[in-house]
Amino acid sequence: MRRVLLLAVAASLAAGTAAYAHHSYAATYDVTREVKLEGKLVQFVYRNPHSFVHISVADDKGVQQRWAVEWSGTTQLGNSGVNKETLKVGDDVVIMGRPSRVPGEYRALMLTLKRKSDGFAWGSPGQQVD
Amino acid sequence: MHKRLAALAATTFAAAAIAAIVAPLSAQPPRPANPTDIAGEWTLTNNEEDTTAQPPLGDYLGIPFNAAGRQRADTTAESIWGTPEYQCRPHSAPHQWRGLGGARILKEQDPLTRDVRAYHVQFMRSLDWPIFMDGRPHPPAWAPHSWTGFSTGQWIGNTLKVTTTHLKDGYLKRGGPQTSDMYSMTDYITRHDEILTIVTVVDDPVYQDEPYVESTTYTIDLTSNVAMETCNGSSFAENGGTDRHHVPHFLPGQNTALTEWLKKDDWIPVEPTRGGANTIYPEYKSGATKFPASRSAVSAEKDIQAQSPRDGQVHVLPVQGNIYMIVADGTNITVSMGADGVMLVNSGSAAMSEKVLAAVNQLASSAVTPPAPNTCFGAACPSAWGWASPYMNAVISSPAPPKPIRYIINTSAASEHVGGNEKLATAGFFPRGGGFGSAVSSVGREASIVAHENVLNRLSTPAGPGAKPAPAAAQPTDTYFDEFHKLPEYFNGEAVILYGAPRANTDGDSLVFFRHSEVISAGNIFSTISYPAIDLEKGGGIQGVIDGLNRILDLAVAEYRGQGGTWIIPGRGRLSDTADVASYRNMVTIIRDRVKDLAGKGLTLQQVKAARPTMDFDGRYASAAAGTWTADSFVEAVYRSLQEKK
């Protein structure tokens, strides 16, 4: 299994100040928990101050739910080799993320992303992608 | 000193500092001949507590919260910034001095005298913030609020005192502590050589027991350039899911993150972290039980009442395009004025008809047929009629009469909105019937009254013993029963569309959209002075109100940074925009969710009322201005309409 450890985006996700809009990661997401999301990518919004990946994930009843996974800004992603062409609609991806603090909300903060088709992987600082 | 204690000390110091500044006010020194120049590029100096960053969730140290402010902060979810209406907002005014990116202060001069007419302050995440120095008054209470508010400046010695009103609701600090839209802000800006000290006083009578005071320091920076962060937000909800109307919030007691930070800073007792006026005084630490009082200088109740004054008078506020807002004894009437004549959305109370008609006629005369000097005379402008110079005709003619009232649209059958129908419709004219108009004298002599058909039903056949129908001339002449109703042709050069709001305040509510002027007249679905008055007996319901508010948000588009653009005229209260409607929608949704949660746990109506699910909004929407529609009335309506749904 390919293991990737990326450190290039430390400034963005660890400190969380450079790409701040109004909200903080720590206030929005529960940094003590993780959620695993597996599904098809339906939208990739590559933008500042934060990018977003939308994926469609089946919930425990089998109903597809649209998740918004918050990612870094374009500068930070660019520095780690991610550009707007990196991900395509329809990609099968596995995402590990921090869930929202609000119960029942379909949003998460990106920790790791892996594409099944070619093994492309991205991880936030200190995160291993399995 | 540890940072937390430093925070308390800093606040205390700031309070003392502001007292020192305010003290000389009783004998204000004259305006200095050459006040210190505060213009330039300034860099934020990170030497105050919480500068640029934000306190952890649940850290309210130094904030003089009242119970409502504390609950509002506890139940606020940071995810709200993912909703479409929030993504492009700038920092709230109290945080701007603390935001990243520095500050630029520009001077706007009078070209003749070179007096400073206004300062303009800009931050990375702000709109331009003008501070008027020319002595102009603050706008009336029914004028809209904005992110920067309306500011006037006055030199007090070497200090510029900036008084800001008309601010939107927002956050005192990021991550929880909120402000209402009834706060005022006073900045004291003092320059000492290359240092700029700003002492900010935030006075929010809805959420604070005392004004909140903080200081911020900047240094001059000859090489900095305050960047402009554009908004790249989009209309999709960043919170995921498929509900663009999702309102993130925590139910009371549900937010478990409030004490997370104390696991690390476990030497801090919990009580002062919850804020409160007592906790900001040095005596608190020594166990004192009596503290000096410094109450808010602002009366929320008085200011809310002023948005909708029951003064027996008519006030006119130009809005946008063809549209004006008339505040008639506290009830809003929307007026479209133009070449086709006058359209009113709602007619006010019967008692105000004469004054409303006078105001509309005066407006029609000045807006549509303004007196103008003749510009066509002599050989360059031959008369088409051949018998007189147009010059002569213009001089000897009196102005054309004002255009007539052609339409009255009723957003509901509420008496304060249909009371003037008879008088105003009779004074109007609608060319109904074309060439047959002269055959029947009553046809075409009144303005057309348009409404949902349930308004007609209610006015023509009112329920209840002894209830009498409204006079025929007061009843709608054109009704609709569908999802929406388009006027068949442009009026004053634009489309006018009525959207039905089923089961909202009643079963006959409409929103009226002026599609070119970008104005929505919301009727009673939206009020800035009270909770929505839901009449269950007349077919109203909580979900219909929420759906109606969401319909407004779907139609409306902000101009820039989440404000302006489409203007929304409430049934009562100040002129508003998408941000204001979003805040109101959020409040209504949050209370709906709380009541639903309590009812779901088996609580009776009385128990739900006792739990006070509206507590953090009562200071804003259950003041005396709301009249007989109390918090309990609203909770009961929500509770019962949720029961009906089952």
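I began with chain A and its contacts: of those with a separation of 6 or more, 57% join residues 24 or more positions apart. A contact here means two C-beta atoms, placed from the backbone, within 7 Å. I noted that this is a predicted model, where local features need pLDDT of at least 70, side-chain atom pairs count only at pLDDT 80 or more, and totals for chains, interfaces and linings use all residues. Residues are numbered from 1 along each chain as its sequence is written, and chains are lettered from A and ligands numbered from 1 in the order in which they are written.

**Chain A, layout.** I found three helices and eight strands. These are DSSP runs numbered from the N terminus: helices are H or I with at least four residues, strands E with at least two. From the N terminus I read β-α-α-β-β-β-α-β-β-β-β. Chain A has 130 residues, and 45% of them count as buried. Buried means 20 or more other C-beta atoms within 10 Å of the residue's own, exposed means 12 or fewer, and partly exposed lies in between; C-beta atoms are placed from the backbone.

**Chain A, cis bond.** I looked up the peptide bond between N48(A) and P49(A); it is cis, with omega about 0 degrees. P49(A) sits in the loop between β2 (35–45) and β3 (52–58) of chain A. Most peptide bonds are trans.

**Where A meets B.** I get 21 residues from chain A and 21 residues from chain B in the contact. On the chain A side, α2 (25–28) and β4 (64–70) each supply at least two residues. The largest share, five residues, comes from β4(A). By type, this side of chain A has eight nonpolar, seven polar and six charged residues. Nonpolar covers Ala, Val, Leu, Ile, Met, Phe, Trp, Tyr, Cys and Pro; charged covers Asp, Glu, Lys and Arg; the others, Gly among them, are polar.

**Chain B, helix α2.** I checked residues 67–75 of chain B. The buried ones are A68(B), G69(B), R70(B), R72(B), A73(B) and D74(B). They pack against β8 (178–179) and α15 (615–621) of chain B.

**Chain B, positive phi.** Most residues other than glycine have a negative phi. I looked up two with a positive value. D329(B) has phi near 50 degrees, and its place is the loop between β13 (323–328) and β14 (331–338) of chain B. E518(B) has phi of about 60 degrees and lies in the loop between β21 (509–514) and β22 (519–527) of chain B.

Which of these is buried, and which partly exposed? D329(B) is partly exposed, because 19 other C-beta atoms lie within 10 Å. E518(B) counts as buried, because 20 C-beta neighbours lie inside 10 Å.
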